[in-house]
Structure formats: structure tokens, C-alpha cells
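Subject: Structure for your review

Dear colleague,

Please find below the structure that I am handing over to you. My notes on what was found in it follow directly after.

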Amino acid sequence: MGRRIVRAGLAAGAALLLAGCGGGTDPADAAGSGGASGGGRNGGGEAGPAGGGDPRTASLAQPDTLTVSFCHTLPSGDGGEVYGLTLRSFSAKDGAFVGERSTVLPADVEPTAGCEEDGPGHGVGTAFNKDLTLVAGIVSASTDRAAAFELATGKELTPPDPDSFAKRPKNNGAAFHPLTGRLWYDMQHHDFESDDPVASRDPKGGPKTEETVPFEKLPDLLGTDGPTATTVLATDGIHGPAVPRGGIVAGYSMGAGVHLNRVDRDGDVGAGSFLTDIETEGLDGTSLNCRPSFWRDATTLVCEFKQITFTADYAKVVKTEDLIPENDRTNLPPVLSPDGKSFAFLSKGENDRWGLFRGDFSGAEPVKITDVDPPIDGSDEHRESLVRWN
């Protein structure tokens with residue numbers, strides 16, 4: 001699994017960004033051991049967060065808010081690049097601006113999602129912890145390793161002892177569990193043995209809190225519940241949502257569209273090897289050429305802006321519905337509301353301006369919540385992603 005981690009020193013441009021900053025369980029033990037438009041800061045309304053206060057310290061994960069990430073690269077003094085990251089939260093009800101964090105990550109660090117160079121962003125939600133105070137990244141040093149970085153400062157949380165002589169397996173991927181907040185990562189040995197485990201730790205507690213799950217226990221892990229399965233698969237570079245109870249994962253193949261996979265016990269290497277294709281009538285060919293976004297329940301999958309209903313055994317597609325009218329806008333993947341009754345997404349039209357929109361699964365015209373303008377940080381190009389509906 002390739003990584004585009006940039007090796008460089010911090011840039012003079014980094015100072016510009018910083019100056020502008022004004023159901024599941026974690027089974028480590030068991031397994032292995034209608035809104036108003038333009039109501040916010042970017043929509044021409046309030047200049048500060050909803051309810052007052054400092055937007056640089058207000059919680060980004062307040063209930064019923066939508067969080068957007070902006071990622072871009074900055075030039076460094078030695079000709080390389082580093083990553084700049086900004087998160088902004090808005091009220092899902094009226095678009096009021098809630099809060100913001102901006103930071104520059106250290107050299108040789110890339111967030112695990114949301115900063116890719118091409119294609120729509122996927123798996124961005126697992127790159128941030130549940131409180132939206134930390135971002136997961138891979139540090140390229142003597143070996144790739146998973147790490148958590150504070151969004152307020154850009155500093156690594158509980159970094160390893162620089163004078164230690166310990167040897168660690170490399171980590172190709174890392175993800176935060178959305179409910180427990182633990183940081184999960186793969187543990188690939190340098191000879192890529194077939195029994196490589198996965199591990200998790202409390203990001204604030206550091207390596208001493210690490211718990212590993214042996215390779216042979218991965219099917220149990222993937223079948224525990226949807227949030228856990230989705231998190232563990234993200235460490236293997238697979239950004240496919242799992243059904244709430246776990247065990248079934250929706251995936252996507254270029255040219256073949258959406259497909260379903262069942263967890264089995266005959267895998268060889270990596271968490272993804274435990275997934276076996278399910279033959280589902282109605283998913284053959286490219287008629288449903290979309291990337292899965294989330295499951296509403298055990299048999300209802302939202303695949304970008306199509307809702308697909310399956311039989312209980314996943315052998316057949318029962319119904320396919322369009323969630324928004326046909327259009328020629330640029331629409332990014334949707335996220336589900338906490339009550340499961342609505343979804344939100346980023347979209348832009350001919351004015352080339354991003355806006356937050358909300359839909360209600362009826363197929364009606366989506367309602368704009370607010371305009372979303374990029375941060376003023378010295379960059380003309382940002383990678384926008386809707387992280388989650390808190």
C-alpha cells in the first residue's frame with residue numbers, strides 16, 4: 001500500500017498558516033487479549049462562533065455540528081513540502097460558525113486520510129478522534145510508524161523515546177475508533193509475515209497502553225461490530241463501511257462498481273484478505289458505479305447518492321433509489337446524521353464555491369446550510385472533505 005509521505009523540513013509558509021489561526025465496543029481485550037443558507041462565518045453572517053467565545057478554543061465536536069477539513073501542502077526551506085490542515089465546524093441547523101483549528105504537521109508526516117493527491121476523499125472520519133482534537137498520521141523515519149498529532153499545536157502525542165534502541169514493526173495505516181477513541185494500526189513485520197497482528201493504544205497513554213490482536217483473531221475482530229470493522233480495515237487501506245453488526249463490508253472496484261464482501265477465516269495476509277466476495281444479483285456490471293458511504297441499517301446501503309436495499313442474505317438488490325435530483329454539480333461523499341434521518345454533503349456549482357447541503361432520503365432537492373470558503377492560509381488549492389456529522 002503506497003504512501004505519499006513528503007520528506008521535508010518545516011517551511012516559511014508554515015508560519016503564514018499558524019499566524020492566520022486566530023454502536024460498538026473496542027474489543028482488544030476480547031479478541032486478542034431544513035436550514036437557513038449562509039448563517040455562518042463563511043456565509044456572511046456571524047464573525048465568531050455560535051454563542052460567542054473564541055473559535056480557536058471552542059469544541060469542534062459539539063452535538064449537531066458538521067465538521068469540514070481543508071488540507072494543503074506548504075513549501076519548505078529545502079525544496080520539499082509539509083502538510084497544513086484546518087478543521088471548521090458549523091451548526092447543522094443554520095450553518096452558524098462554531099469553531100476552527102489550524103496547524104502545520106511536522107516534516108515526514110502525512111495524515112492517514114483527507115490529504116490524498118487525487119480522487120475523492122474516503123475514510124476521512126477515521127483520521128480524526130471522536131473529540132476532533134487529534135489527527136492520525138504516518139511518520140516516515142527509519143520505519144513508518146503510526147502517530148497521533150494535536151490539532152491545536154501540530155505536536156505528536158506521546159512520541160517515542162529518541163534515545164531508545166527498540167525495533168518496532170512498520171505501520172502502513174492508522175485510524176481512530178469512532179466510539180472508544182483508541183488509535184488502531186497494522187503491525188507489519190519487515191519480512192511481511194502472514195501472522196502480522198493489528199494493535200491499538202490510548203493515544204494519550206502511549207505505547208505502554210498498546211494491545212495487540214493476533215492475525216488469527218482478525219475475523220473475530222471484523223465481525224464484532226460495524227465501527228470496529230471499519231476502523232480495522234482502514235488500517236489496511238480499505239475504506240469500506242461495515243454493517244452495524246459487523247461481518248459484511250461494502251467495497252468498490254474500478255470499472256466494476258460497488259460489491260459486498262463477507263468476513264471469512266481463510267485469509268492469508270492483511271485484514272482485507274479475510275473478505276470474500278458475495279454474489280449479489282443486481283450488482284453485476286457497472287450499473288451501480290459508486291463508492292459506498294455508509295449503512296443506514298443491516299440491509300440499506302448509501303453509495304454516494306444512491307440508496308441500495310438488499311435482501312437479508314445479501315443475495316439480491318431489492319430496490320435502488322436516487323437521493324438527490326440528477327445534476328451537474330461537484331458533490332463529495334455524504335455523511336449520516338446521528339439520528340439516521342438525514343445526510344449532509346459538500347457541493348459546488350458554476351460559481352466554484354463549496355456549500356454544505358442537507359438531504360432527507362426523500363429524493364427531494366437538498367437544502368443549503370451554509371457556504372464554505374477555504375481558509376486564508378497562503379494556499380490556492382485545498383483538499384476539502386466533510387469529516388462527520390457530530
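An open sheet is formed by four strands in the order 14-15-16-17, with antiparallel pairing; strands here are DSSP runs (E, at least two residues) and helices are DSSP runs (H or I, at least four residues), both numbered from the N terminus, and two strands pair if DSSP finds at least two bridges between them. Strand 14 (292-297) and strand 17 (317-322) are the edge strands, each pairing on one side only. From one strand to the next, the twist averages 20 degrees, where axes are lines fitted to C-alpha atoms and angles run from 0 to 180 degrees between N-to-C directions. Within this sheet, strand 15 (residues 300-303) and strand 16 (residues 306-310) run antiparallel and are joined by four bridges. C303 stands opposite K306 in strand 16.

The model is predicted: local features need pLDDT of at least 70 and side-chain atom pairs count only at pLDDT 80 or more, while totals for chains, interfaces and linings use all residues. Residues are numbered from 1 along each chain as its sequence is written, and side-chain values use heavy atoms, with hydrogens and water left out.

Helix 4 (residues 226-234) is largely enclosed by the rest of the structure, because eight of its nine residues are buried (under 20% relative accessible area, with a 1.4 Å probe and protein chains only; exposed is over 50%, partly exposed in between). The buried residues are G226, P227, T228, A229, T231, V232, L233 and A234. They pack against strand 7 (174-176), strand 8 (183-186), helix 3 (218-222), strand 11 (248-253) and strand 13 (275-278), contact meaning heavy atoms within 4.5 Å. The N-terminal end of helix 4 is capped by D225, which has a side-chain oxygen 2.8 Å from the backbone nitrogen of T228.

Not counting residues up to four places away in sequence, F149 touches residues including L105, V109, V135 and G154.

Finally, T103 belongs to strand 3 (residues 97-104) and counts as buried, at 1% relative accessibility. The T103 side chain reaches the backbone nitrogen of G154 at 3.0 Å.

Yours sincerely

Notes. A polar contact is a pair of N or O atoms within 3.5 Å; within protein, one must be able to donate a hydrogen and the other to accept it, and residues adjacent in sequence count only if both atoms are side-chain atoms.
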